[in-house]
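User: Can you walk me through this one? I'd like to start with the overall layout and then go into the details.

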Amino acid sequence: MKKFLVIAVLSLLLVKGNAYATIINCNVNKAFKCENEGCAELNSEISININTSEETYQRTDRIGTKNYDLHIYKSGKFVIAEVGESTIFKMDTQNNKSFVEITYLDLVTYNNFGICKFN
C-alpha cells in the first residue's frame, strides 16, 4: 500500500505529461559546506537517483555510490524526501524541478543545489 501511495503522489504531483515516471535523476550544480564559522563553496560531482517504485535514494559522489530507503511526502508545491537520519531532499515541482539536499554530519551541513529530470 505504501508503494502505491508514493507512486500515486509522485505521478499526480510531480510530472505534467509524464505520469509514469518512476526514476528521478538529479545533478548538483552548487554545493556548500557550512560550519559554525560560516559556509564555503565546494566543487561537487554529486548525482542523486530516486526510484519511486522501489522507494530508494541512490547518491553518488567522489567516494562512491550508496543506496538508502526514503520517505516521500508533499508540502504545497514541494516534494520532500527524508533519507536516513541525516539527509533531507526538497524539490520544487513548479520551478524547473530545482532541489536542495541537506546532509548533516555532526554539526556540519552540506547544502547541495541543482535540477532534476524524470525518466
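Predicted model: local features only at pLDDT ≥ 70, side-chain atom pairs only at ≥ 80, totals over all residues.

User: Fine. How many helices and strands are in the chain?

Analyst: The chain has 1 helix and 9 strands. Helices (H or I, at least four residues) and strands (E, at least two) are DSSP runs, numbered from the N terminus. The order from the N terminus is α-β-β-β-β-β-β-β-β-β.

User: And what percentage of the residues count as buried?

Analyst: 37% of the 119 residues. Buried means under 20% relative accessible area, exposed over 50%, and partly exposed in between, with a 1.4 Å probe and protein chains only.

User: Which residues of the largest nonpolar core touch the most other members?

Analyst: Cys 26, Ile 48, Ile 50, Tyr 57, Phe 89, Phe 99 and Cys 116, out of 18 residues in that core. A nonpolar core is a set of buried Ala, Val, Leu, Ile, Met, Phe, Trp, Tyr and Cys residues joined through side-chain atoms within 4.5 Å.

User: Which strand gives the most to this core?

Analyst: Strand 1, with 4 residues. At least two residues each come from strand 1, strand 3 (47-51), strand 5, strand 6 (78-83), strand 7 (87-92) and strand 9. As background, nonpolar side chains in soluble globular proteins tend to be buried together.

User: Take Cys 116. Where does it lie, and is it buried or exposed?

Analyst: Cys 116 lies in strand 9. Cys 116 counts as buried because its relative accessibility is 4%.

User: Which residues does Cys 116 touch?

Analyst: Leaving out residues up to four places away in sequence, Cys 116 touches Ile 24, Asn 25, Cys 26, Phe 89, Met 91, Asn 96, Lys 97 and Phe 99. Cys 116 and Asn 27 are 89 residues apart in sequence, with their C-alpha atoms 6.5 Å apart.

User: Switching to rings. How many aromatic pairs are there?

Analyst: There are 3 aromatic pairs. Rings of Phe, Tyr and Trp (its six-membered ring) pair if their centres lie within 6.5 Å; planes under 30 degrees apart count as stacked, over 60 as edge-to-face and the rest as tilted. One of the pairs is Phe 32 with Phe 113, edge-to-face, at 6.2 Å centre to centre and 75° between the planes.

User: What does that pair tie together?

Analyst: Phe 32 is in strand 1 and Phe 113 is in strand 9, so the pair ties together parts 81 residues apart in sequence. Phe 32 is partly exposed at 23% relative accessibility, and Phe 113 is partly exposed at 38%.

User: Why is the pair of Phe 89 and Phe 99 stacked?

Analyst: The ring centres of Phe 89 and Phe 99 are 5.1 Å apart and the planes are at 25°, so the pair counts as stacked. Phe 89 is in strand 7 and Phe 99 in strand 8, so this pair ties together parts 10 residues apart in sequence. Phe 89 is buried at 2% relative accessible area, and Phe 99 is buried at 4%. Tyr 57, Phe 89 and Phe 99 form one aromatic cluster.

User: Now the largest pocket. What is its volume, and which residues are closest to its centre?

Analyst: The largest pocket holds about 660 Å³ of space. Of the 24 residues lining the largest pocket, Ile 46, Arg 59, Asp 61, Ile 63 and Tyr 110 are the closest to its centre. On a 1 Å grid over the protein atoms alone, a pocket is an open set of points where a 1.4 Å probe fits, with protein on both sides within 12 Å along at least five of seven lines; lining residues have an atom within 4 Å of a point. Grid points are joined across faces, edges and corners, and a volume is the space filled by probe spheres set on the points.

User: Which strand gives the most to the lining?

Analyst: Strand 5, with 4 residues.

Technical notes. Residues numbered from 1 in each chain as written. Heavy atoms only, no water. Contact = heavy atoms within 4.5 Å.
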